[in-house]
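Morning, everyone. Please have a look at the screen.

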Amino acid sequence: MSDTPAPAPKKKSGLVGKLIPVIGALVLLGGGAAGGWYATSSGLIGGGEHTPKVDKNKPQLVEREGADEEAPAQTDADGDGHYETTYFEMKREFTANLTDPNRYIQVGLGVATNYDSRVIEAVEKNEPAIRSAVLGVLGEQTADHVATVAGKEELQRRLRAAINKTLQDKVGFGGISQVYFTSFVIQ
């Protein structure tokens, strides 16, 4: 046995030792990018190319003429100005007892839609069911609540929801974007 120590192994120096970590990082980045691209283009994660399905049996939005202009002359019921608005006034007023004793409410209603004529046709055809739903909502109100602006706005939202639910149940689509009071009396 010799008392001379064994020579220490030489450290790798040079280009190969420096390239290994760089190549590993590039492989990881490339794999991540390829996986991300696949996930988005195949629809696994948002994005990708997909065409919305248009059901021809349901009403379609009606674009307003000149909707591409910068400043629309008229806004639609949703407020963005891109779609034509059609209004319809219910033929008779609605009268219902309020939850307050000996108090009642009488309102005239109009509705608005940005969809084609099938929505208004559905409203006309299903008016008895809509009247029943509206009267149910009106009968849940108190005089003090609906006498305020906030109460009237909430009532409009509730009436819109009731009308759209009735249409959805009866014909498979809603489409009413706004409800308007054409008359409003509390006694």
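Is glutamate 127 buried or exposed? Glutamate 127 counts as buried, because its relative accessibility is 9%. Buried means under 20% relative accessible area, exposed over 50%, and partly exposed in between, with a 1.4 Å probe and protein chains only.

Some ground rules. This is a predicted model: local features need pLDDT of at least 70, side-chain atom pairs count only at pLDDT 80 or more, and totals for chains, interfaces and linings use all residues. Residues are numbered from 1 along each chain as its sequence is written, and side-chain values use heavy atoms, with hydrogens and water left out.

Back to glutamate 127. It sits in helix α3, residues 127-138. Helices here are DSSP runs (H or I, at least four residues), as are strands (E, at least two), numbered from the N terminus. Leaving aside residues up to four places away in sequence, glutamate 127 touches Met90 and Lys91. Contact means heavy atoms within 4.5 Å.

Now the whole helix. Buried in α3 are Glu127, Ile130, Arg131, Val134, Val137 and Leu138. Down the axis of α3, these buried residues fall within an arc of 125 degrees, so they line one face. That arc is taken from the directions from the helix axis to the C-beta atoms. On the other side, Pro128 and Ser132 are exposed. What covers the buried residues? The cover includes β2 (94-97), β3 (104-113), α2 (118-125) and α5.

Last, the partner α5. Residues of α3, including Ala133 and Val137, meet residues of α5, including Leu159 and Ile163. Questions, please.
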